[in-house]
Amino acid sequence: MRINIPTASSIARSNQTYRRIVDEYRPDLAYYESTYRDLHSNPELSRQEKRTSSIAANHLKTIGYCVHENIGGYGLIGVLKNGHGPIVLLRADMDALPVRENTGLDYASKKTMTDSNGTEVPVMHACGHDVHVSCLMGAARLLHAARSKWRGTLICLFQPAEEFVTGAQAMVDDGLYARFDIPKPDIVLGQHVFCIEKAGVVALSPGPVMAAADGLKIRVFGKGGHGSMPSLCIDPIVIACHIIVRLQTIVSRELQPGKVGVITCGKIQAGTAVNIIPDYADLELSIRSYDTSVQKQLLDAIERIVRAECNASRSPQDPVIENSAHAPVTVNNVDQTESLKTSFSDFFEDNANAMEPLPGSEDFSVLARAINVPSIFWMLGGCDPVKWDEAERSGKIGEIPMNHSAEFAPAIEPTLRTGVDALAVAALTFLKLIASPA
């Protein structure tokens, strides 16, 4: 069914209902706080989220959801059919990052895993996906307990491999909307914790909120030989370095002022010994943009520069340039987002803010684009309120450890409570509420 867009007046009438439902049916969060600590101590890399997936699946089964597992890897969904009404999907991602944790927390990760290249690496939940899983588990229980208050279908989706920006597409390709006995959602909803905002705050805006991402793997070729005789060689490391420096001019000298683009070389690898000039060097790039014209401009410029630098350095063969990842820009549907903004503003009051577009990227919107339905994605604040206020007074907000930092440490509360409440309020905004007797 097409989802009806709630009007401001209908939302205003419903907000006291949302508050009553959430306050009455919010579960004891001590369990979810414990779950969060466990997940944080036991992170799992992308495409290896077996334990995390099992925890979420068992929780949903215990509550009473119909659960489908191993979708696109370790992805899973829990479905709660509750009469005729809108179909709402809530999403959380599960994977962690190859980062050695340096938070000093008593539940800090000490775990290592073997990555996709066969290398043993430290693993940390440095992007808050443990928060996302714990919050969705809590919201799933709340909304199940409150099922006498609403009608429709609720789908709770736990996604693998977001950090590879491939997990959402993998679930779609594995028959998420075709292979299972579930209706297609009318709207897809999700959230992401960031420590660039105070815990207890939710931030939401219509339009583009997160950038598109493209990954490139590049191999440039040289002529190897003895490190003491570079004149007889062609050094691919020097070629790679020239490329990296030259890439910095694309945004600063080619992109129109006011347009947003980011090009980062996050990995360069070459050589086996200090006295050997290698035959090739590998680079990996991350490219961010908010519209397709800028995206094309950046990608075209990168290829032009890579080929030109190789030619200028007498590279013996053409470079290899491969697309390794892609995530579309995350765009919040205007009409539905305005409805949810009203719900959040009334429920969270002064802790509901506007969301500035972020240069980070997500594959969240793939879940909606695949079936051409609207989606909404909001930011969940995670920074300890005391630390935030101190940083704000001293002008040191920029020093708060951000996502992907080894010191990233969201405050457990009020982050989890706010995240559970936000998911529940968002779902209730679009599900069909049962009118309470006067």
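Student: At roughly what angle do the axes of helix α2 and helix α3 cross, and within what distance do they come?

Tutor: This is a predicted model, and in it the axes of helix α2 (residues 30-41) and helix α3 (residues 50-63) cross at roughly 165° and come within 11 Å. Angles over 145 degrees count as roughly antiparallel, and that makes α2 roughly antiparallel to α3.

Student: What is the handedness of the crossing of α2 and α3, and which residues make the contact?

Tutor: The crossing in which α2 passes α3 is right-handed. On the side of α2 the contact is made by Tyr31, Tyr32, Thr35, Asp38 and Leu39, while α3 brings Arg51, Thr52, Ile55 and His59. Sorted by class, the contact of α2 with α3 has four nonpolar, three polar and two charged residues.

Student: How do helix α4 and helix α11 pack, in terms of angle and distance between axes?

Tutor: Helix α4 (residues 129-145) packs with helix α11 (residues 412-430) at an angle of about 50°, and their axes are 8 Å apart. Such an angle makes α4 oblique to α11, and α4 passes α11 in a right-handed crossing. From α4 the contact draws on Val131, Ser134, Cys135, Leu136, Gly138, Ala139, Leu142 and Leu143, and from α11 on Thr415, Leu416, Gly419, Val420, Leu423, Ala424, Ala427 and Leu428.

Student: How many residues of that contact of α4 with α11 are nonpolar, polar and charged?

Tutor: The residues of the contact divide into 12 nonpolar, four polar and no charged.

Student: What surrounds Phe158, leaving aside neighbours within four places in sequence?

Tutor: With those neighbours left aside, Phe158 is in contact with Ala56, Leu60, Gly75, Leu76, Ala92, Met94, Val133, Leu136, Met137 and Met171. Leu136 is also among the residues of α4 that make the contact with α11.

Student: Is Phe344 buried or exposed, and where does it lie?

Tutor: Phe344 lies in helix α8 (residues 334-348), and this residue is buried, with a relative accessible area of 2%. Leaving aside neighbours within four places in sequence, Phe344 is in contact with Val202, Leu204, Glu349, Ala352, Trp378, Ala422, Val425 and Ala426.

Student: How should I read the strand residues Gly78 and Asn70 in terms of relative accessible area: which is buried, and which is partly exposed?

Tutor: Buried means under 20% relative accessible area. Gly78, in strand β2 (residues 75-82), is buried because its relative accessible area is 0%. Asn70, in strand β1 (residues 66-71), is partly exposed, with a value of 47%.

How values were computed: Residues are numbered from 1 along each chain as its sequence is written. This is a predicted model: local features need pLDDT of at least 70, side-chain atom pairs count only at pLDDT 80 or more; totals for chains, interfaces and linings use all residues. Side-chain values use heavy atoms; hydrogens and water are left out. Axes are lines fitted to C-alpha atoms, for helices over the stretch in contact, and angles run from 0 to 180 degrees between N-to-C directions. Helices (H or I, at least four residues) and strands (E, at least two) are DSSP runs, numbered from the N terminus. Angles under 35 degrees count as roughly parallel, over 145 as roughly antiparallel, 65 to 115 as roughly perpendicular and the rest as oblique. A crossing is left-handed if the near helix is turned anticlockwise from the far one by less than a right angle, and right-handed if clockwise. Contact means heavy atoms within 4.5 Å. Ala, Val, Leu, Ile, Met, Phe, Trp, Tyr, Cys and Pro count as nonpolar, Asp, Glu, Lys and Arg as charged, and the others, Gly among them, as polar. Buried means under 20% relative accessible area, exposed over 50%, partly exposed in between (1.4 Å probe, protein chains only).
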